[in-house]
Amino acid sequence: DRLDLDRESFFEVASAASGSCWSLNTYCPAPGVGPVTSADRNYEPGFAAELMLKDLELSQQSAYATSAPTRMGELATEIYKEFVSDGGLGRDFSAYLQKIEATS
């Protein structure tokens, strides 16, 4: 957005190139971009943020139990803990995009 790129155009390029992944191609967090997702329904949960947090916490428990370093997993868990406690409860996990937009 800060580069003033059209979101749909960016989606078309990124989803067909190295940015291609499930979260972009199938569950794009931006409303009006790509296939219809929770973002197009005011971020009503398809997969609630608190369920994402639960899964992240389970992954971290497994990582700690096996002494596997997961710095990105740790960071994602902290991000979702903050998000759930600060307005994300009962919203789709992809609503985190709105938090990013609000701080931009």
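1. There are zero disulfides in this structure, a disulfide being a pair of cysteine sulfur atoms within 2.5 Å. Bear in mind that this is a predicted model, where local features need pLDDT of at least 70, side-chain atom pairs count only at pLDDT 80 or more, and totals for chains, interfaces and linings use all residues. Residues are numbered from 1 along each chain as its sequence is written, and side-chain values use heavy atoms, with hydrogens and water left out.

2. As for cover, cysteine 21 is partly exposed because its relative accessibility is 36%, whereas cysteine 28 is buried at 4%. Here buried means under 20% relative accessible area, exposed means over 50%, and partly exposed is in between (1.4 Å probe, protein chains only).

3. Cysteine 28 turns up again in the largest nonpolar core: of the 20 residues there, Cys28, Tyr80 and Phe83 touch the most other members. H1, helix H3 (49–65), helix H4 (71–88) and helix H5 (96–103) each supply at least two residues of this core, and H3 gives the most, with four. By nonpolar core I mean a set of buried Ala, Val, Leu, Ile, Met, Phe, Trp, Tyr and Cys residues joined through side-chain atoms within 4.5 Å. Helices (H or I, at least four residues) are DSSP runs, numbered from the N terminus.

4. Setting aside neighbours within four places in sequence, phenylalanine 83 is in contact (heavy atoms within 4.5 Å) with Ala49, Gly88, Leu89, Asp92, Phe93, Ala95, Tyr96 and Lys99.

5. Threonine 77 sits in helix H4 and is buried, with a relative accessible area of 5%. Not counting residues up to four places away in sequence, threonine 77 touches Leu53, Leu56, Glu57 and Gln60.

6. Now the surface. Leu3, Leu5 and Phe10 make a nonpolar patch of about 350 Å². Patches like this use residues with over 30% relative accessible area and no salt bridge, with nonpolar side chains (Val, Leu, Ile, Met, Phe, Trp, Tyr) joined within 5 Å. A salt bridge is a side-chain nitrogen of Lys or Arg within 4 Å of a carboxyl oxygen of Asp or Glu; areas come from the Shrake-Rupley method with a 1.4 Å probe. Leucine 3 lies in the segment before helix H1 (7–14) and is exposed, at 70% relative accessible area.

Definitions and conventions. Patches are made of residues with over 30% relative accessible area and no salt bridge: like charges are joined within 9 Å, nonpolar side chains (Val, Leu, Ile, Met, Phe, Trp, Tyr) within 5 Å.
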